Amino acid sequence: MKNNILVTQSSMPSFEEYCEEVKDIWESHWLTNMGTKHQELQNGLIKYLDVENMEMFTNGHMALELSLQAMNLKGEVITTPFTFASTTHAIVRNGLEPVFCDINPIDFTMDVPKIEELVTDRTCAIMPVHVYGNVCNVEEIQRIADKYGLKVIYDAAHTFGVKYKGKGIGSFGDVSCFSFHATKVFNTIEGGSACFKDKEFGKALYRLKNFGIRGPEVVDGVGANAKMNEFCAAMGICNLRHIEGEIAKRKLVVEKYMEYLNGVEGIQLNPVQDDVEPNYAYFPVVFNEKVFGATRNEVMAKLAEQGIGARKYFYPLTNTFDAFHGKYDVNKTPVALYVSKRVLTLPLYADLPLDIVEKICKIILSCKG
Ligand SMILES: *Cc1c(COP(=O)(O)O)cnc(C)c1O
């Protein structure tokens with residue numbers, strides 16, 4: 001169908017800019033294995049994200065999965081079910097047990113007062129998500145982690161470039177993982193990174209992403225292969241040049257949505273957070289059908305009729321996935337369940353025309369009963 005508006009559209013440099021960037025690759029014949037593009041992007045990202053150390057990966061999921069593996073954990077990991085499959089799968093694929101904490105009804109991050117109730121003598125880590133770019137209560141999470149000796153692994157896939165109290169969001173916890181997937185605020189086509197303070201941890205991560213190879217004739221770990229290649233790094237170098245402009249354009253889209261939807265009865269929006277420099281990654285809207293007079297699914301269908309592709313991020317909750325065969329009791333996370341049944345994520349990307357945003361808002365408001 002023509003003129004369809006999807007929930008997101010990847011940011012891209014001009015074709016000429018990308019060709020110019022990859023020219024060196026033709027000259028060097030160095031296509032992957034931590035080449036010069038990889039190094040240049042990593043240096044640029046460390047600076048832009050304001051983090052100490054970084055390892056880059058084929059994707060954000062492998063950053064999460066291998067970060068957990070590098071910690072050699074056993075037992076339970078307290079996490080949120082209101083997220084993308086990746087967060088929960090990274091835990092389960094490491095042979096760890098996810099323990100689902102409910103979310104708070106304001107910004108949909110983990111409901112921090114509930115974390116301590118879930119700590120047992122088997123708990124080894126907390127894995128929160130800065131969902132939609134909303135920053136978790138990082139201070140309180142660290143306090144709980146310190147009190148019980150737990151690791152903190154942030155899924156920061158939605159918070160590229162976000163700052164909290166002037167500090168890069170990737171500098172919190174033992175490790176914070178970003179996704180550079182095509183659909184994210186910043187992309188390397190596919191890609192991701194783990195940011196951390198402990199250099200020894202970094203060495204373990206490096207070996208895990210490169211077959212456990214320590215030296216030319218020494219393989220002392222059983223690693224995977226999750227290296228970022230030079231073409232993806234080149235895309236990242238180009239996209240990083242334009243990131244501030246892209247985020248500024250996203251801000252205009254969000255402001256336009258706010259103009260129409262803020263304060264509408266039956267519509268709940270995430271609040272602007274104190275001390276946070278946001279990245280305008282997503283625009284989630286929660287419909288209270290009793291007050292608004294239409295359900296999330298009805299609004300979604302009306303938008304679809306007009307070629308507007310809003311998405312149900314995050315529905316279903318990860319603790320209800322068929323993959324887990326009813327192992328987890330979804331009634332233990334009632335707020336997450338409530339929100340997942342009512343949330344709709346509206347189209348949002350840098351080049352989304354503001355008149356389309358107005359059209360989307362008008363369609364939504366026309367559903368109001
Ligand atoms: C996108 C995403 C990931 C995984 O990133 P990929 O780069 O696609 O592997 C992990 N967690 C969340 C919350 C995400 O949205």
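Q: In this predicted model, how far does a polar side-chain atom of Ser179 lie from an oxygen atom of the ligand?
A: The model is predicted, with local features needing pLDDT of at least 70 and side-chain atom pairs pLDDT 80 or more, while totals for chains, interfaces and linings use all residues. Residues are numbered from 1 along each chain as its sequence is written, and side-chain values use heavy atoms, without hydrogens and water. For the pair of Ser179 and a ligand oxygen atom, the distance is 2.7 Å.

Q: Which residues are the closest to the ligand?
A: The shell around the ligand holds 14 residues, each with a heavy atom within 4 Å of the ligand. A polar side-chain atom of His158 lies 2.7 Å from a ligand oxygen atom, and an N or O atom in the side chain of Lys184 is 3.1 Å from one. The closest residues are Gly60, Asp155, His158, Ser179 and Lys184.

Q: Which helices each supply at least two residues of the shell around the ligand?
A: Helices here are DSSP runs (H or I, at least four residues), numbered from the N terminus. The two that qualify are helix H3 (60-70) and helix H4 (85-92).

Definitions and conventions
Polar contact = N/O pair within 3.5 Å; in protein donor to acceptor, adjacent residues only side chain to side chain.
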